[in-house]
Amino acid sequence: MLLLPRAVRIHLATEPVDMRKSIDGLFVHVQRVLVADAYSGHLFVFVSKRRDKVKVLAWDGGGFLLLYKRLEAGRFRMPDVADDATSVQLDSTQLAMLLDGIDVSRVRRPARWQPPGQPAEAQGTSARR
């Protein structure tokens with residue numbers, strides 16, 4: 001299980017990445033393609049063309065961390081994304097499901113409870129996430 005603070009964002013690159021890239025190559029990809037700050041402390045997730053390998057890049061304040069997972073059988077299931085998107089945001093639960101091979105696009109969350117008298121827009125949540 002991944003326990004990450006809510007402030008940590010998880011960006012999943014929508015296009016496959018060459019898994020020969022190491023920290024420096026992925027850093028450049030974050031800066032130029034995803035147009036994001038690699039030093040932000042957020043997680044950047046990259047999937048191989050065959051979708052059997054994943055790398056996660058993160059800055060921890062003193063250096064970069066690189067997590068690598070290779071599936072011996074099966075493929076990682078990508079969530080639904082817009083055609084023009086370079087990345088999609090995940091939460092830690094969705095990342096854990098992705099790394100476990102669960103098809104995130106088929107998982108639906110129930111509506112979140114709202115205190116009486118408060119509209120969903122005021123809470124910043126929607127019934128379907």
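Which residues does W59 touch, not counting residues up to four places away in sequence? In this predicted model, W59 touches A38, Y39, G41 and F64 once those sequence neighbours are set aside. The chain holds 3 helices and 5 strands, and from the N terminus on its elements run β-α-β-β-β-β-α-α. Of the 129 residues in the chain, 31% are buried, and among the contacts with a separation of 6 or more, 53% are between residues 24 or more positions apart.

**Helix α1 and what it packs against**

- In helix α1, which spans residues 23-32, the buried residues are L26, F27, H29 and V30. Seen down the helix axis, these buried residues fall within an arc of 160 degrees, so they line one face of α1.
- An α-helix has 3.6 residues a turn, so residues three or four places apart point the same way.
- The exposed residues D24 and R32 are carried on the face of α1 that is turned away from the buried side.

**Strand β3 and its partners**

- Of the 7 residues of β3, 5 are buried, so this strand is largely enclosed by the rest of the structure.
- Strand β3 is joined to β2 by 4 bridges, and the two strands run antiparallel; within this pairing, V45 stands opposite V56 in β3.
- Strand β3 also pairs with β4 in the antiparallel sense, here over 7 bridges, and the bridge partner of K55 in β4 is Y68.
- W59, the residue of the opening question, has its place in strand β3 and is partly exposed, with a relative accessible area of 23%, a value that is not counted as buried because buried means under 20%.
- W59 and F27 are 32 residues apart in sequence, and their C-alpha atoms are 9.9 Å apart in space; F27 is one of the buried residues of α1.

**Strands β1 and β5**

- Strand β1 (residues 10-13) is joined to β5 by 4 bridges, with the two strands running antiparallel, and I10 stands opposite L90 in β5.
- Strand β5, residues 87-90, has a covered face made up of V88 and L90, while S87 and Q89 belong to its uncovered face.
- In a regular strand the side chains alternate between the two faces of the sheet.

- The hairpin of β2 and β3 has 5 residues between the strands, and in it R51 takes a positive phi near 60 degrees although R51 is not a glycine. R51 is partly exposed, with a relative accessible area of 34%.
- S48 also lies in the loop between β2 and β3, but this residue is buried, with a relative accessible area of 7%. Leaving aside neighbours within four places in sequence, S48 is in contact with P16, V17, M19 and K53.
- The hairpin formed by β3 and β4 has 4 residues between the strands, and in its turn G61 has a positive phi of about 100 degrees. G61 is exposed, with a relative accessible area of 56%.
- G61 and Y39 are 22 residues apart in sequence and 7.7 Å apart in space, C-alpha to C-alpha; Y39 is also among the residues that W59 touches.
- V35, in the loop between α1 and β2, is not a glycine and yet has a positive phi of about 50 degrees; at 66% relative accessibility, V35 counts as exposed.

**The second largest pocket**

- The second largest pocket has a volume of about 200 Å³ and is lined by 14 residues, of which T14, E15, P16, M78 and V81 lie nearest its centre.
- By class, the lining of this pocket comprises 8 nonpolar, 2 polar and 4 charged residues.

Methods:
Residues numbered from 1 in each chain as written. Predicted model: local features only at pLDDT ≥ 70, side-chain atom pairs only at ≥ 80, totals over all residues. Heavy atoms only, no water. Buried < 20%, exposed > 50% of the residue type's maximum accessible area, 1.4 Å probe, protein only. Arc of directions from axis to C-beta. Pairing = 2+ DSSP bridges. 1 Å grid on protein atoms, 1.4 Å probe; cavity = no way out; pocket = protein on both sides within 12 Å on 5 of 7 lines; lining within 4 Å. Points joined across faces, edges and corners; volume = space filled by probe spheres on them. Nonpolar A, V, L, I, M, F, W, Y, C, P; charged D, E, K, R; others polar. Contact = heavy atoms within 4.5 Å.
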